[in-house]
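Please open the structure in your viewer and keep the selection panel at hand.

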Amino acid sequence: MKIFFILIQLILLAAGYGVFFNQWVKPSSFPVFNILPLFFLIVFILNIFLLIFWWIYDRQFALLFTFLSLGLILPLKNHIHIYGKPETQKSNLKVLSYNVRYFFDDADGIISFLQDQEADIILFQEMGPQPEWVINNASKTKKYYFEEFSSLGIASKFPVIEAQMFRIKPYPLTYAYADIALPNDTIRVINFYLESLHLDQNAIKNTEIESQIPGKSKYLLKKIITASTVHEKQVKEVRKIIKNSPYPVIVAGDMNAVPNSFEYFTLKRGLKDVFHTGGEGIATTFPGFKYPLRLDYIFVSERFKVKSHQIFKVQHSDHYPVVAELELE
């Protein structure tokens, strides 16, 4: 019986540490590693339960497996804010990223939320056509400069020097960027949207899908693998615009991928995940599946000091908005 539990523990540890390979292994080469991050929290919790079992029945194995489990804290902090508190000192730059789902759900609620936040820079995903009426009413204090790229939009209270977009056909816009003149410096803001997983929530909830759990798992894995291969091409292009930027960058948007994925590690390279410094609790930006899914992110250059990071659980879209308070040093 002990051998069985040892084997299960080793499998869980292998699955947990497997997410690290996404730093180097491309989904097109070996997609299995990019599936593991979706289940990392489940693996971590099961691993904790087994550690409790070992501490009760065999202290020697408990010490061994506890030591071997310590490294899992590193990927865990991408899901859960473990240490550090947001600063209360006021920032000089407030950034908001929001997948608004074409304003289908609650356009008036979105406008009211934007007015409450009064962000300096807003990045919209799934914006849709004719968004001027939203932008014109998004602030009560100062009109936004606005760059529209169909499904993506960038609004700024500071002047926009240059703006461009990039698309890999036949998929939606991969990113749009704007170089923005702050009072004492210039920054580049990159708004990205990676290809959707195209998950049908009704299909996943449908009890008649072949053999239920096996059928649903097969459906989910197929969607992840298909999207990951597209994401691989898209993040490569986003990395180019980050690398070539002459200014400090803010990179934000809807990744359609979870933390510890290939997409996450690739986009974050050389940047700070704002959630690490200023976040709180469990990071969930897509509540549709009743499972903690963080799909929306804000990354910044090292020159930015992070004051706070908040995910607002408002029901105006299928995503939650993400807000960061920053200071450019």
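Begin with helix H6, residues 107-117, in this predicted model. Within H6, select Ala107, Gly109, Ile110, Ile111, Phe113, Leu114 and Gln117, which are the buried residues of the helix. An α-helix has 3.6 residues a turn, so residues three or four places apart point the same way.

Next, display what lies over these buried residues: the cover includes strand E1 (93-99), strand E2 (121-125), helix H7 (132-136) and strand E12.

Which residues does Glu325 contact, leaving aside its neighbours within four places in sequence? They are Ser91, Leu93, Lys94, Lys305, Val306, Lys307 and Ser308. For one of these, Lys305, draw a C-alpha to C-alpha distance to Glu325: the value is 8.8 Å, with the two residues 20 apart in sequence.

Finally, turn to the second largest pocket, which holds about 190 Å³ of space. Two elements each give two or more residues to its lining, helix H5 (73-76) and helix H10 (262-268). H10 supplies the largest share, three residues. To show the complete lining, select Phe20, Gln23, Leu74, Pro75, Lys77, Asn78, Asn260, Tyr264, Phe265, Lys268, Arg269 and His276. Colouring this selection by residue class gives five nonpolar, four polar and three charged residues.

Definitions and conventions: Residues numbered from 1 in each chain as written. Predicted model: local features only at pLDDT ≥ 70, side-chain atom pairs only at ≥ 80, totals over all residues. Heavy atoms only, no water. 1 Å grid on protein atoms, 1.4 Å probe; cavity = no way out; pocket = protein on both sides within 12 Å on 5 of 7 lines; lining within 4 Å. Points joined across faces, edges and corners; volume = space filled by probe spheres on them. Helix = DSSP H or I, 4+ residues; strand = E, 2+ residues; numbered from the N terminus. Nonpolar A, V, L, I, M, F, W, Y, C, P; charged D, E, K, R; others polar. Contact = heavy atoms within 4.5 Å. Buried < 20%, exposed > 50% of the residue type's maximum accessible area, 1.4 Å probe, protein only.
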